[in-house]
Amino acid sequence: MLMVKGSPHQSLYQVPNQDAMSGPLILENVIGVVHDHFITFHLDMDIDGANNSFVNVNLVKQRSLPGESPRKSYWKAKRKIAKTEKDAQIKRKLYDPSEFHMINPSKMSRLGNPTGYKIVPGGTAASLLDHDDPPQLRSAFTNNQIWVTPYNKSEQWAAGLLVLQSRGDDTLAVWCERDRHIENEDIVLWYTLGFHHIPCQEDFPVMTTVTSGFELKPINFFESNPILRSAPAFEKDLPVCRPSASS
């Protein structure tokens with residue numbers, strides 16, 4: 001159900017200054033409150049064992065040397081293993097792209113690559129609130145899209161156990177201020193996805209469905225493409241839903 005508030009106006013024709021409105025008019029005398037949705041996933045990966053490392057694989061543009069190539073520029077992947085929690089705090093940037101790998105530095109493929117998985121983010125959003133705003137203090141986990149912490153069974157809730165009664169003193173952001181060591185340790189990756197919601201008439205009274213998500217994909221975990229040895233799937237093998245026979 002959509003969060004709303006009352007308005008004295010039955011249509012926008014009655015609003016003298018539409019730029020001063022805090023949200024869109026979605027029904028007579030009803031304003032839809034502009035808001036965010038954020039979901040944090042606590043990913044205790046344990047890839048090929050408990051001790052793992054987080055790697056930021058950054059795509060960096062390089063300039064070609066004079067006479068080296070007709071190309072003026074190219075890009076290469078630079079790997080950086082996070083040593084402490086603050087090294088692993090990630091704000092996604094469109095023009096500074098990276099891949100994010102969780103690896104086991106002690107387990108190698110036959111080619112010498114560490115086994116791991118990468119997180120493939122979907123569409124997301126960042127909070128627009130000031131960091132010292134009370135709601136943002138409680139939801140400071142939205143300050144970054146990725147955090148990595150040492151495993152601690154008491155650290156399960158990114159916004160604290162009792163969010164609405166919190167002062168923001170027991171959150172993911174506060175834990176990470178200790179800047180603990182995370183390389184080749186039992187670690188947890190926290191991934192936050194979100195989206196901004198500007199309501200419209202179709203959202204009232206029951207909102208439409210919005211989807212988002214992310215993927216976990218193996219990265220050098222298998223020696224080759226594992227699907228190559230799988231039995232083929234035929235149409236006759238697929239489940240088919242049919243109405244039950246009437247009696």
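This is a predicted model: local features need pLDDT of at least 70, side-chain atom pairs count only at pLDDT 80 or more; totals for chains, interfaces and linings use all residues.
Let me turn to the overall architecture. The protein chain has eleven strands and two helices, and if you follow the elements from the N terminus on, you read β-β-β-β-β-β-β-β-α-β-α-β-β. As for the contacts, if we take those between residues at least 6 apart in sequence, 70% of them join residues at least 24 apart.

On overall dimensions, the radius of gyration of the protein chain is 24 Å, whereas a compact globule of 247 residues would have a value near 18 Å. Taken along the principal axes, the box that the C-alpha atoms fill is roughly 70 × 65 × 55 Å. The protein chain exposes about 16600 Å², and 55% of that area is supplied by carbon and sulfur atoms, while buried residues make up 32% of the 247 residues.

Now to the cysteines. The structure holds zero disulfides, a disulfide being a covalent bond between the sulfur atoms of two cysteines. Cysteine 176 has 0% relative accessibility and therefore counts as buried, the cut-off for that class being under 20%. Cysteine 200, by contrast, counts as partly exposed, because its relative accessibility is 33%.

I would also like to go through the backbone, where a few places deserve a mention. Phenylalanine 204 and proline 205 are joined by a cis peptide bond, with omega at about 0°, and proline 205 is found in the loop that runs between strand S10 (185-197) and strand S11 (214-219).

Which value does phi take at aspartate 48? It is near 55°, which is positive in a residue other than glycine. Aspartate 48 lies in the loop between strand S4 (35-43) and strand S5 (51-63), and because its relative accessibility is 35%, aspartate 48 counts as partly exposed.

Asparagine 184 is not a glycine either, yet asparagine 184 has a positive phi of about 55°. You will find asparagine 184 in the loop between helix H2 (172-176) and S10. Is asparagine 184 buried or partly exposed? With a relative accessibility of 32%, asparagine 184 counts as partly exposed, since that class lies between the 20% cut-off for buried and the 50% cut-off for exposed.

Technical notes
Residues are numbered from 1 along each chain as its sequence is written. Side-chain values use heavy atoms; hydrogens and water are left out. Helices (H or I, at least four residues) and strands (E, at least two) are DSSP runs, numbered from the N terminus. The radius of gyration is taken over C-alpha atoms; the globule rule is 2.2 Å times the number of residues to the power 0.38. Buried means under 20% relative accessible area, exposed over 50%, partly exposed in between (1.4 Å probe, protein chains only). Contact means heavy atoms within 4.5 Å. Accessible areas come from the Shrake-Rupley method with a 1.4 Å probe; for residues, only the protein chains shown count as cover. A disulfide is a pair of cysteine sulfur atoms within 2.5 Å.
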